Amino acid sequence: MNAMSNPAATFEPFRRRLLGLAYRMVGSMADAEDAVQETYLRWHGVDRDSVSDTRAFLTTITTRICLDMLTSARARREEYVGPWLPEPVVDTAALAPDSRTELAEDLSVALLLTLDRLSPLERAAFLLHDVFDFSFGEVASALERSEAACRQLASRARAHVRAARPRVASAPPARSGEIDARHAQLMSAFVAATGSGDLDALMQLLASDVRVVTDGGGKVAAALDVLDGADRVARFLVDVTRKRPGAWWREDFTLRFATINGLPGVIVDAPQGAVQTAAFEIEGGVIRALYVVRNPDKLRHLAAATAG
């Protein structure tokens with residue numbers, strides 16, 4: 001009774017779990033933190049002694065808040081300029097659930113983009129059951145649907161995820177802070193070839209079916225379409241370098257390797273803070289996909305996190 005009278009003490013053990021769920025639901029750390037804060041405010045105002053399962057209660061509240069966020073986010077997405085990517089995160093361990101499910105540590109961009117193509121209820125049912133290890137009875141209570149309906153929602157979502165995962169499965173996410181030496185060498189070569197505009201060198205680093213997604217949000221220069229194929233990607237990068245020298249890499253930029261959403265990546269820092277992240281899917285010694293975030297709104301949280 002005395003413990004439950006302290007809202008902060010009873011909430012904090014679940015904060016990381018709730019933040020991980022919210023980020024997977026909405027793809028934005030800023031929105032995820034808002035959802036968790038709103039959950040805490042509601043927890044502060046309820047009769048906590050009447051709550052029999054704190055974990056289930058808080059997870060349900062966070063899920064419902066995120067479902068509301070997704071509704072408004074989809075409306076905003078229709079006006080988004082160019083491709084949309086989730087907000088990059090570096091410390092994936094801080095967002096890991098307590099469960100040991102197959103997808104517990106997967107925060108790859110490919111997975112998050114697949115989740116984004118699901119309906120909000122499919123996304124919620126799948127995450128709660130397959131990632132956060134909720135029973136379908138608990139999922140049904142959280143989503144206010146029948147168990148049978150929640151099973152169908154999760155099954156449809158699972159099929160989409162499995163169809164999208166094989167390409168990434170051969171290149172498992174790196175652990176936070178660790179960059180494979182071969183990946184570092186490949187990324188260094190990519191940076192050098194991009195900076196010099198060396199088309200032939202770039203072509204050697206790219207898979208024939210490489211895919212590049214750049215998210216500028218209409219606020220900074222970025223490709224407005226997804227780029228596919230080594231020739232098209234390499235020519236785009238070389239053209240950008242020739243037309244706008246320093247558009248991607250400049251002498252006053254600082255480049256550092258980091259794991260971004262569990263993938264090997266590069267963070268580009270200007271004197272005022274992070275200006276770009278690039279997460280690489282690498283397989284068989286070549287780059288199979290590249291996810292570049294340049295939208296400054298999506299880098300503010302990263303800048304704040306690395307500054308500390």
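Me: Let's start with glutamate 38: is it buried or exposed, or partly exposed?

Reply: The labels go by relative accessible area: buried is under 20%, exposed is over 50%, and partly exposed is in between, with a 1.4 Å probe and protein chains only. Glutamate 38 comes out at 30% relative accessibility, so it counts as partly exposed. Keep in mind that this is a predicted model, where local features need pLDDT of at least 70, side-chain atom pairs count only at pLDDT 80 or more, and totals for chains, interfaces and linings use all residues. Residues are numbered from 1 along each chain as its sequence is written, and side-chain values use heavy atoms, with hydrogens and water left out.

Me: Which side chain does glutamate 38 meet in a salt bridge?

Reply: Side chains of opposite charge can pair when their charged atoms come close. The cut-off for a salt bridge is a side-chain nitrogen of Lys or Arg within 4 Å of a carboxyl oxygen of Asp or Glu. Here the partner is arginine 42, at 3.0 Å from N to O. Arginine 42 is partly exposed too, at 38% relative accessibility.

Me: What about arginine 158 and aspartate 130: buried or exposed?

Reply: Both are buried. Their salt bridge has its closest N and O atoms 2.6 Å apart. Arginine 158 is in helix H8 (residues 147-164) and aspartate 130 in helix H6 (residues 120-131), so this pair ties together parts that are 28 residues apart in sequence.

Me: How many salt bridges does the whole structure have?

Reply: The search finds 18.

Me: In what sense do strands E3 and E4 pair?

Reply: Two strands pair if DSSP finds at least two bridges between them. E3 (residues 254-260) and E4 (residues 263-270) are antiparallel over 7 bridges; threonine 254, for one, has aspartate 269 in E4 as its bridge partner. The two strands make a hairpin with 2 residues between them, and asparagine 261 in the turn has a positive phi of about 50 degrees.

Terms used: Helix = DSSP H or I, 4+ residues; strand = E, 2+ residues; numbered from the N terminus.
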